[in-house]
Amino acid sequence: MLLKRNPGRIFAENVTYKLKEVMATRPKAVLVFSGKRKSGKDFITERLMERFGAEICGIIRLSGPLKQQYALEKSLDFARLLDSTSYKEQFRADMIRWGEDKRNQDPGFFCQVATSGDEAKKSVWIISDARRKTDIEYFKSNFPDITKTIRVVTSDSTRQSRGFVFTPGVDDAESECGLDNVDFDMEIINNGDDAVLEKSLQDIEHLLVSVKILQGER
Ligand SMILES: Nc1ncnc2c1ncn2[C@@H]1O[C@H](COP(=O)(O)OP(=O)(O)OP(=O)(O)O)[C@@H](O)[C@H]1O
């Protein structure tokens, strides 16, 4: 039965039911990737997404919401914070401080914001860029049985061949080194050997079959 449309309220019984369903939806698997700069996190997570399909998998970048939230709270132009003009330079130092303050108040803040969008409605969350222990703790504590941590391991020489140059202040900072001494559920060696990478992707595929997200072997 349709009820009268009323702004801010649910206006049909069957819609109420569907909305509740959406709000109650939780992922069936959370794959949390980390790795050094140029290790291949984006490359591998995009490969996985192509393999399993965008209807099943959402790629979620934890680094995404920082600028958006900062712009929102400070009433700034978000688009201009993203472009390559000098606009963002006026705010860079303050934005870094603001991000640290937010994390100190609530270590899961950016994880929570990043997983509030449309991609988070998919069954499999591919978190492409965990950088801190608190990122991993957030997913392990909120989704204990379904979170798998995956480290992309790549030799320095391979990273250099992909354009990596050690930059003091970046490559020795917490955002690069915060997960150096953590045990991961799985490692992917990504030194450019396709057969080795394929075997790791198959292992992830088997994992998704085992939790009944994928049906049988492809
Ligand atoms: N297995 C691979 N085979 C071929 N090219 C690869 C492979 N892995 C990564 N690359 C290439 O290496 C470069 C760096 O990879 P990518 O951007 O995925 O790294 P990243 O870990 O996401 O880096 P950053 O942390 O700097 O964003 C890209 O050009 C990517 O296409």
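Is Lys41 buried or exposed? I started my notebook with this residue. The model is predicted. Lys41 has 25 other C-beta atoms within 10 Å, and the cut-off for buried is 20 or more, so Lys41 counts as buried.

**Entry: Lys41**

I placed Lys41 in helix H2. I then looked up its contacts, leaving out residues up to four places away in sequence. Lys41 touches Phe33, Gly35, Ser128, Asp129 and Val152.

**Entry: the annotated positions**

I checked the UniProt record next. Its unreviewed entry puts "binding site" on Lys36, Arg37, Lys38, Ser39, Gly40, Lys41, Asp42 and Arg162. These positions span 127 residues in sequence, yet no two of their C-alpha atoms are more than 12.8 Å apart, so they gather at one spot. The unreviewed entry also lists Asn190 under "binding site".

**Entry: Lys36**

Where does Lys36 lie? I found Lys36 in the loop between S1 and H2. Lys36 is partly exposed, because its count of other C-beta atoms within 10 Å is 19. Not counting residues up to four places away in sequence, Lys36 touches Thr154, Arg159 and Glu176.

**Entry: Asn190**

I located Asn190 in the loop between strand S5 (186–189) and helix H10 (194–210). Asn190 is buried, because 23 other C-beta atoms lie within 10 Å. I set aside its neighbours within four places in sequence and listed the remaining contacts of Asn190: Ser39, Gly40, Ile44, Val152, Val153, Thr154 and Leu197. Among these contacts, Ser39 and Gly40 also carry the "binding site" annotation in the record.

**Entry: the ligand shell**

Which residues are around the ligand? I noted Gly35, Arg37, Lys38, Ser39, Gly40, Lys41, Asp42, Phe43, Arg162, Asn190, Gly192 and Leu197. I sorted the shell by class and got two nonpolar, five polar and five charged residues. Helix H2 (residues 41–52) gives the largest share of the shell, three residues.

**Entry: the sheet**

I looked at the overall make-up before going into the strands. The protein has 10 helices and five strands. The five strands form an open sheet with parallel pairing, in the order S2-S3-S1-S4-S5. Strand S2 (57–60) and S5 are at the edges with a single partner strand each, so one side of each has no neighbour in the sheet. On average, and with direction ignored, neighbouring strands of this sheet are turned by 25° against each other. I also checked how H2 sits: H2 packs on the sheet and touches S1, S2, S3, S4 and S5. The direction of H2 makes about 160° with that of S2.

**Entry: strand S4**

How many of the seven residues of strand S4 are buried? I found five of them buried in S4 (residues 147–153), so this strand is largely enclosed by the rest of the structure. S4 pairs with strand S1 (residues 29–35) in the parallel sense, over six bridges. One pair I noted there is Leu31 with its bridge partner Lys148 in S4. S4 and S5 also run parallel and are joined by four bridges.

**Entry: Arg132**

I looked up Arg132 in the loop between strand S3 (124–127) and helix H7 (133–142). Arg132 is partly exposed, because it has 19 other C-beta atoms within 10 Å. Not counting residues up to four places away in sequence, Arg132 touches Glu174 and Gly178. I also took the C-alpha to C-alpha distance from Arg132 to Cys177, which is 8.2 Å for a pair 45 residues apart in sequence.

**Entry: Ser161**

I found Ser161 in helix H8 (residues 156–161). Ser161 is partly exposed, because 13 other C-beta atoms lie within 10 Å. Ser161 and Ser141 are 20 residues apart along the chain, and their C-alpha atoms are separated by 37 Å.

**Entry: totals**

Buried residues make up 24% of its 218 residues. Of the contacts between residues at least 6 apart in sequence, 79% join residues at least 24 apart.

Definitions and conventions. Residues numbered from 1 in each chain as written. Predicted model: local features only at pLDDT ≥ 70, side-chain atom pairs only at ≥ 80, totals over all residues. UniProt positions renumbered as here; feature names shortened; annotations may be inferred. Helix = DSSP H or I, 4+ residues; strand = E, 2+ residues; numbered from the N terminus. Buried ≥ 20, exposed ≤ 12 C-beta atoms within 10 Å, placed from the backbone. Contact = placed C-beta atoms within 7 Å. Near = placed C-beta within 6 Å. Nonpolar A, V, L, I, M, F, W, Y, C, P; charged D, E, K, R; others polar. Pairing = 2+ DSSP bridges. Axes fitted to C-alpha atoms, helices over the stretch in contact; angles between N-to-C directions.
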